[in-house]
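User: I'd like to go through the labels on this model and see what each one rests on. Can we take them one at a time?

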Amino acid sequence: MNPTSLSSAEKKTEYAYITLSQLLLCIKDVINSEFGSRTFWVVAEIAKVHISKSGHCFLELVEKDGISGEINSQANAVVWEENYKFIDAYFYEKTGEHLREGLKILFNCYVDFHEVYGLKLVIFEIKPEFTLGEMYLVKEQIINRLEKEGLLIKNKGIPLHPVIQNIAIISSPSSSGLKDFIDELSNNPYGFKFYYHIFEALVQGEGAKDSIIGAFERIKPYINFFDVVVIIRGGGSKIDLNCFDNYELARYVALFPLPVITGIGHQPDVSCLDMVAHTNLKTPTACAKFIIDRTYSFYSNLQNLLKRITESISLIINSRNTKLQEILTRLHYNIMQRLSEEKNKIFKFMRIGSSVEKIVQQKNYHIKEFSSRLKNLMLYNINKERNTLYELLRKIRFFVQNIIQEQKYQLKTYIARLENVYSSYIKEAKHKIEKLENSVKLLDPVNVLKRGYSITYYNNKPVKSIKELGKNVRITTKLYDGKIISIVEKLFKEGEGE
Amino acid sequence: MNKANEKISYESAIKELENIVKGIENKDVSVDELIEKVKRAVFLIKHCKEKLQTTDSEIKKVLEEIEKSDKGNNS
């Protein structure tokens, strides 16, 4: 400190003062004497990072209240360019991150005070292991929260189509993983067609979160078209994946309406994004294989079903054939049985026929018997009738005979009376007749014949002329006491003769 | 591809096919039914295979539309 300059200042004003530089130098002295040779291991959170043109890394470090989260301490720090190169490389190698806002770091530093640049912690060593541990803690917290909110299984609950054919790809177009993915898909050995569109996004580093969400937002209008969203990142180092351990991104992906497949890294630990995804695969190639295999399994399922159909058909046909054969056999058997049954029936009928015949004969016999009985009965009746008739007849006859007798008797008496009446008359007539007879007797040819006359008959007719006779005719000559039969020998007319 | 049947999804196709095959395997189908079912099954299988292995111009068109609109959005 320069006492002369101080005194001159005192002169000008009534206050004793020192210059800024004097003060700052004082402070610098104190700090140097107190901290100059010492180094400290300090934990702080990076609030801001600035890399200067000359390659120095300027950091704003803060400490937040554990409860309120408000900043309760703040300090500037620097990593000089000659250190920063190595520190950054090492840190990145270990954590996959460059120093960035939000990271907690454990660093070794000394305190430096500069009159112009003020208090600065000069960092010459950073322990990435601490940050890594912190990051793991943060990740664990994120995972716990996602789990609590049911977001780890949310996207997994969306059914994945048996065939993934329309694919929304989120990737950086320059990513070699994207090329692997597309090559694998396009050159699948089965000739499956896959349709995809690449929704470009940063898939590493700080801007990745917003960029990926942006890509998802652009997919949203086409969720009915795409079967799946595939996030691809690959080819590069295993690090720089911390962008995927982000709660906001994980939540967004978990709630996305399409199943999400991730193929974003090789690291043994999966990221939060992987955890919320529907399916998490190690590499883009694995994603492509997964999709192809799934499609192939569908395809071979089709083949299998076709095979089963073919087999079933041949089985069915065989069994139908067997059944038909069986039916035919049974039919044949049935027909034969039926035929023999019918035959038997016919035989039976024939037997019945003969018995019918017998019956008919029997019936005939019965009828005959019946008719004979009927006849007998009729005869009996007729006889009875006849007898009755005879009786009647007899009675009639008797009656008639009685009548006849009576009549006869009456007639007799009548005749007797008549005889009585007429006998006198008859006697008188007899007398008259006798008288007449005596007179007639004198005229009788017999009396004539007795006197020697005869009558010649020819053909019972008295012959009165010879003209009536011929030669050789038989003539009968009646005499008083007999007849002479003679044959005409000769005929002589009166006057002729011998 | 048969446009009228474009709407058959792989899921519904495979479900229907599995049902058909189960039905056929259970042998509880009449011959007429069997023929119909097999026809349907063969159609579905053919349809799926075609859909899997033949480039679909309709889908291509949709992709082109997406390409256009996505480029517009992204830039």
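User: What should I know about the numbering and the model first?

Analyst: It's a predicted model, where local features need pLDDT of at least 70, side-chain atom pairs count only at pLDDT 80 or more, and totals for chains, interfaces and linings use all residues. Residues are numbered from 1 along each chain as its sequence is written, chains are lettered from A and ligands numbered from 1 in the order in which they are written, and side-chain values use heavy atoms, with hydrogens and water left out.

User: Why is A:Ser175 called buried?

Analyst: Buried means under 20% relative accessible area, with exposed over 50% and partly exposed in between (1.4 Å probe, protein chains only). A:Ser175 has 11% relative accessibility, so it counts as buried. The residue sits in the loop between E6 and H5 of chain A; helices (H or I, at least four residues) and strands (E, at least two) are DSSP runs, numbered from the N terminus. Leaving aside neighbours within four places in sequence, A:Ser175 is in contact with A:Arg233 and A:Gly234, contact being heavy atoms within 4.5 Å.

User: What makes the pair A:Ser175 and A:Gly177 a polar contact?

Analyst: That takes a pair of N or O atoms within 3.5 Å; within protein, one must be able to donate a hydrogen and the other to accept it, and residues adjacent in sequence count only if both atoms are side-chain atoms. Here a polar atom of the A:Ser175 side chain is 3.0 Å from the backbone nitrogen of A:Gly177. At the start of H7(A) there's another case: a side-chain oxygen of A:Asn246 comes within 2.9 Å of the backbone nitrogen of A:Glu248.

User: Why is helix H7 of chain A described as largely enclosed?

Analyst: Six of the eight residues in H7 (residues 247-254) are buried, so the rest of the structure largely encloses it. The buried ones are A:Tyr247, A:Leu249, A:Ala250, A:Tyr252, A:Val253 and A:Ala254. Their cover includes helix H4 (128-148), helix H6 (208-219), strand E9 (260-263) and helix H8 (272-276) of chain A.

User: How do you know that B:Glu25 and A:Arg308 form a salt bridge?

Analyst: The definition asks for a side-chain nitrogen of Lys or Arg within 4 Å of a carboxyl oxygen of Asp or Glu. The side chains of B:Glu25 and A:Arg308 meet at 2.7 Å, N to O. The count between chain B and chain A is one salt bridge, alongside nine residue pairs in polar contact (both at pLDDT 80 or more).

User: What area do chain B and chain A bury between them?

Analyst: About 3200 Å², 67% of it on carbon and sulfur atoms. Buried area is the accessible area (1.4 Å probe) that two parts lose on being put together, summed over both. B:Leu52, B:Gln53 and B:Ile66 supply 19% of what chain B buries against chain A, more than any other three residues. The contact takes 34 residues from chain B and 33 residues from chain A.

User: What makes a nonpolar core, and how many residues has the largest?

Analyst: A core is a set of buried Ala, Val, Leu, Ile, Met, Phe, Trp, Tyr and Cys residues joined through side-chain atoms within 4.5 Å. The largest has 43 residues, and A:Ile167, A:Phe181 and A:Leu185 are among those with the most contacts inside it. Its largest share, 11 residues, comes from H9(A). A second, separate core of 41 residues includes A:Phe199, A:Leu249, B:Leu63 and B:Ile66.
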